[in-house]
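Subject: Handover of a structure

Dear colleague,

Please find the structure below, together with its sequence. My findings follow it, arranged by topic.

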Amino acid sequence: PADRRPVRYTHPTLAARAARVLRDNDTGVVITAAPRLYPHMWSWDAAFISIGLARLDVQRAIAELDTLFAAQWRNGMVPHIVFTDDDAYFPGPDRWGTHEALDGPRHVRTSGICQPPVHAIAVRRVLDIARRSGPNDRIDAERFARRIWAKLYAWHRWLVEYRTPGSSGLVAIVHGWESGMDNSPRWDVPYDAVHPGAALPPYVRKDVRVVGDPNERPTDREYDRYLWLIEEMRRAGYDQRKIVENSSFLVGDVFITALFAMSCDVLLELGQEFGQEPAQLADLADWAAKARTAVAASCHSVSGMARDRDLRTGRWLDTQTIAGFSPLLCGGAPDDVQLRLLSLLDSDRWCGHPDLLAPVPPSVSPMRPGFNTRQYWRGPQWPVLVWLFSWAFERRGWHERARRMRDGGIRLTDDGSFGEYFEPFTGEPLGSTDQSWTAAVVLDWLC
Ligand code: 2M8
């Protein structure tokens, strides 16, 4: 498809515009996830943002990750939102009520759940970029990597101790927001079992005021469930054991499990380089191996696609989404399964679909029932996911595939809008524009 969008920037101009987005979204303390829709720091956004920042200013990249980890809970959890003073986002800190939580930080207000563990990957990337950019940056980044290592280890340990219940070996989430893919059809079945009680305090959504077309956002019914789960956690005082035992939503997330395996590998390598405790290094090797085994064990016998598992009912969730390709990220699946997944990814059901503007995986296959071209995690393409695939493919030695993903990601974003997500056929930017993590991954691709 030649030009469905009027504007296409050259790479140097696109990079300059991306840099400006990060600068404009900088409050001086944090870089917000997006200017109006998300005026706070989000956990996995901050990781990607630091990668883009490293291309501009290594010190600023380090500061961003330091700010996030300064909000780490005493039990090791890295919270999904670190709040600024802005009150334009709902649910804000009062609704979360985490100041009553025993393990929460005292000096800063946060949400009470987590997000995908991509932070070790970010630290690795920042370090690699800094090493190429000059001796001072190298020294700063090495100091930083040494300093943050124990915090990353504590974060990973928290995921193992509190969030790997039962025997599936999958990392469990207690809220769809923890997956980062909030309203993905992956969660439709488990959300059906979430019944908001009459005690759900009333609320007013703010997101739909910012995003012009409410069809690009989750529905009110979905929001009731999101808020109800928060209510349950708040009542449990954010005690993780109680939450994992009782919450109405507990799902083994195969995509997070794959990211966790990769992050443990990376953290292990960093730990070896910086001479960390052998016992902790052994833990990381063990966690990575178990996570990989769990991802491989989830693969469907016919399609090969990896599956989430509803840990309340013990059922596999067969909905086919981009998360089904998790084994391609972390490896560990048998060769025949991997080959099936690669050919599925290339097929017209995914990246080879003839009508896509850019040949990168949509969040849901355009051939599946329920695929929605505009609605958030139910169909659109997400540049950050493209970055993850291109990074993982590079690491696996699939250089040509990595390059194709990256080129596709650049094609998707070369209108310079830095959309949060994109309509796969027209390339229309959806959700927020000037989204920080989109600008960040574009910078990393282009610099
Ligand atoms: C989206 O999630 C937030 C809730 O955490 C929201 O919709 O209000 C997701 O896309 C998530 O993955 C992302 O981290 C966040 C900020 O960009 O927005």
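This is a predicted model: local features need pLDDT of at least 70, side-chain atom pairs count only at pLDDT 80 or more; totals for chains, interfaces and linings use all residues.

**Helix 17 and helix 18**

Helix 17 covers residues 399–413 and helix 18 covers residues 436–446; the two pack at an angle of about 130 degrees, and their axes are 10 Å apart. The crossing in which helix 17 passes helix 18 is left-handed. On the side of helix 17, the contact involves Arg406, Gly409, Ile410 and Thr413, and these meet Thr438, Val441, Val442 and Trp445 of helix 18. Sorted by class, the residues of this contact are 4 nonpolar, 3 polar and 1 charged.

**Helix 5 and helix 12**

A further pair is formed by helix 5 (residues 119–133) and helix 12 (residues 254–273), whose axes come within 8 Å and cross at roughly 45 degrees. Helix 5 contributes Ala120, Ile121, Val123 and Arg124 to the contact, while helix 12 contributes Met262, Ser263, Val266, Leu267 and Leu270. The contact of helix 5 with helix 12 consists of 7 nonpolar, 1 polar and 1 charged residues.

**Helix 2 and helix 3**

How are helix 2 and helix 3 oriented towards each other? Helix 2 (residues 43–54) packs with helix 3 (residues 58–70) at an angle of about 165 degrees, and the axes lie 7 Å apart. Because an angle over 145 degrees counts as roughly antiparallel, that description applies to helix 2 and helix 3. Helix 2 passes helix 3 in a left-handed crossing. From helix 2, the residues Ser43, Ala46, Ile49, Ser50, Leu53 and Ala54 take part; from helix 3, they meet Val58, Arg60, Ala61, Glu64, Leu65 and Leu68. The contact of helix 2 with helix 3 comprises 8 nonpolar, 2 polar and 2 charged residues.

**The sheet**

Strands of a sheet pair through backbone hydrogen bonds, in either a parallel or an antiparallel manner. In this model there is an open sheet of 4 strands, in the order 3-4-5-6, and the pairing is antiparallel. Strand 3 (172–173) and strand 6 (315–317) are the edge strands, each pairing on one side only. Strand 5 (residues 308–310) is joined to strand 6 over 3 bridges in the antiparallel sense. Which residue of strand 6 is the bridge partner of arginine 309? The partner is tryptophan 316.

**The surroundings of the ligand**

The residues around the ligand are Ala33, Tyr38, Trp42, Trp44, Asp45, His80, Trp177, Gly180, Asp182 and Asp207. By class, this shell has 5 nonpolar, 2 polar and 3 charged residues.

**Two details of the backbone**

Phenylalanine 90 and proline 91 are joined by a cis peptide bond, with omega at about 0 degrees. Proline 91 lies in the loop between strand 2 (81–82) and helix 4 (93–96).

Tyrosine 238 is not a glycine, yet its phi is positive, at about 60 degrees. This tyrosine 238 is placed in the loop between helix 10 (220–235) and helix 11 (240–246).

Yours sincerely,

A colleague

How values were computed:
Residues are numbered from 1 along each chain as its sequence is written. Axes are lines fitted to C-alpha atoms, for helices over the stretch in contact, and angles run from 0 to 180 degrees between N-to-C directions. Angles under 35 degrees count as roughly parallel, over 145 as roughly antiparallel, 65 to 115 as roughly perpendicular and the rest as oblique. A crossing is left-handed if the near helix is turned anticlockwise from the far one by less than a right angle, and right-handed if clockwise. Two residues are in contact if their C-beta atoms, placed from the backbone, lie within 7 Å. Ala, Val, Leu, Ile, Met, Phe, Trp, Tyr, Cys and Pro count as nonpolar, Asp, Glu, Lys and Arg as charged, and the others, Gly among them, as polar. A residue is near a molecule or strand if its C-beta atom, placed from the backbone, lies within 6 Å of it. Two strands pair if DSSP finds at least two bridges between them.
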